[in-house]
Amino acid sequence: MADTGTDAGAGSIPPEELARVRRRTIWVLSIGQVLGGIAFGATISLGAVLAAEISGDEAFSGLATAFITLGAAALAVPLAAFARRRGRRISLASGMLLALAGVAVVVLAAAVVSFPLLLLAFALIGAGQAANLQTRFAAADLATDASRGRDLSIVVWATTIGAVLGPNLVGPGEIVGEAIGMPPLTGPYVFAVVAQLAAIAVYLIGLRPDPLLLAQRIARAVANGANAIARADRPLAARYAIIAIAGAHGVMVAVMAMTPVHLLHHGASLTIIGLTISLHVAGMFALSPVFGILADRVGRVATILLGQVLLAASLVLAAIGQDSATTVTVALVLLGLGWSASTVSGSALLTESSSEALRTRRQGRSDLIMNLVAAVGAILAGIILGQIGYGGLALCALSIVVVVTGLSFLGKSAKPQPAEISASKPPAHRPRPARR
């Protein structure tokens, strides 16, 4: 089935054929997420440590995650717009290609001991993070109301394999890096390069037909129905979804980014730090299908609120048990679970609350906002950690959870807004007043 922009035949695609394409798309996106997760896990594990090492000041350690999220934020809207014009296939591959360039610049920055160059490298790596985030929306392109949360969560779950494996490649990566003469702390990026090249190939070859281009054809050819891909617009619910996603991501990044530095201060080895981050990332992704099914059956807002409960439990536990590596690890697992519930259900709510004409634009805007919030959180986290410690950082993050919980009534808005719906249709012709 070719990726054409015409409407011919779009409305006559047999349901079984559409279901087959949707299943194949989920498989391809899942494989891409496994590969992308390897690069993501390795980068997160060593980013803060590498930044502190090259800058010579631990106060700058949070800038590693901050610039990754800033890069992801800067490219979220362009990648979404590019996807709308050219499809998910080209957009996702382009994001991974930019991240590949970023990995090369990381190694160069470590070799010449240049902190500004290292920050540029992390910003480029953020393109890969932007692509990884947008795969969840790609999984929802062809989904219906009954399967949207589940389809989206399966692709999110697939990241578990690569993201858990990535941090645990730190030790072997250092051995490989030393053997081929790479700068210290950059060896694990060898695995990131291989994984990103494979992900690019998977997206370019496997995403045929392109799910977004196909969904656009169907939306143009088929009228809205109770279970259709094209939906009426609900802007209040969409705004709450963006708030919930951004809040959860900001809390998660701020606390997670400072955890390696905090554990290092308490004498933890790189192996222990890698294991802690691995378990945290497992919490982020491993149970996402459960949250996806809950979002489909119990409701999107109810599952978002479950995520806030998990985030609150994590932050309180981190504040109380900050001196125990075991307690911090448990808190990081709960942090990942809260992020997962909020992100999966929030993404499903955002997709189904947006008309086809506004959907990719809002998805890009959501990723922009969530990454900007996370970038600011990561920068402030380093300052807060230095001033009032890890426990104080956790309690400060708790205020965001309170705000997201308090605004949950917005997500229950069910009535479409005529003014917003009209944005997806050609403006009505208004006769000019007669001249006198």
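This is a short tour of the structure above, one selection at a time.

**Before you start**

The model is predicted: local features need pLDDT of at least 70, side-chain atom pairs count only at pLDDT 80 or more, and totals for chains, interfaces and linings use all residues. Residues are numbered from 1 along each chain as its sequence is written, and side-chain values use heavy atoms, with hydrogens and water left out.

**Stop 1: the whole chain**

Show the protein chain as a cartoon. Its secondary structure comes to 15 helices and zero strands. Helices (H or I, at least four residues) and strands (E, at least two) are DSSP runs, numbered from the N terminus. Of the 436 residues, 58% count as buried. Buried means under 20% relative accessible area, exposed over 50%, and partly exposed in between (1.4 Å probe, protein chains only). Now think about contacts, meaning heavy atoms within 4.5 Å. Among those between residues at least 6 apart in sequence, 84% join residues at least 24 apart.

**Stop 2: the largest core**

Select V251, M252, L315, L335 and Y390. These residues have the most contacts inside the largest nonpolar core, which has 40 residues. A nonpolar core is a set of buried Ala, Val, Leu, Ile, Met, Phe, Trp, Tyr and Cys residues joined through side-chain atoms within 4.5 Å. Helices 5 (148–165), 9 (235–265), 10 (270–285), 12 (300–320), 13 (325–352) and 14 (356–406) each give two or more residues to this core. Which helix gives the largest share? Helix 9 does, with eleven residues.

Stay on Y390. Leaving aside residues up to four places away in sequence, Y390 touches V255, M258, T259, H262, A318, Q322, V328, L332 and L385. Then select V103, F115, A121 and F122. They are included in a second, separate core of 20 residues.

**Stop 3**

Axes are lines fitted to C-alpha atoms, for helices over the stretch in contact, and angles run from 0 to 180 degrees between N-to-C directions. Ala, Val, Leu, Ile, Met, Phe, Trp, Tyr, Cys and Pro count as nonpolar, Asp, Glu, Lys and Arg as charged, and the others, Gly among them, as polar.

**Stop 4: helix 4 against helix 14**

Helix 4 covers residues 115–140. The axes of helix 4 and helix 14 come within 11 Å and cross at roughly 145°. Select L133, Q134, R136 and F137 in helix 4. They meet Q363, D367, M370 and N371 in helix 14. The residues of this contact divide into three nonpolar, three polar and two charged.

**Stop 5: L100**

Go to L100 in helix 3 (residues 88–112). Is L100 buried or exposed? L100 is buried, because its relative accessible area is 15%. Not counting residues up to four places away in sequence, L100 touches V193, Q196 and L197. Now pick Y189. L100 and Y189 are 89 residues apart in sequence and 9.8 Å apart in space, C-alpha to C-alpha.

**Stop 6: two loops**

Most residues other than glycine have a negative phi, and most peptide bonds are trans. Zoom in on V113, in the loop between helix 3 and helix 4. The phi of V113 is positive, near 55°. V113 counts as exposed, at 57% relative accessibility. Finish at P209, in the loop between helix 7 (189–206) and helix 8 (211–221). The peptide bond from R208 to P209 is cis, with omega near 0°.
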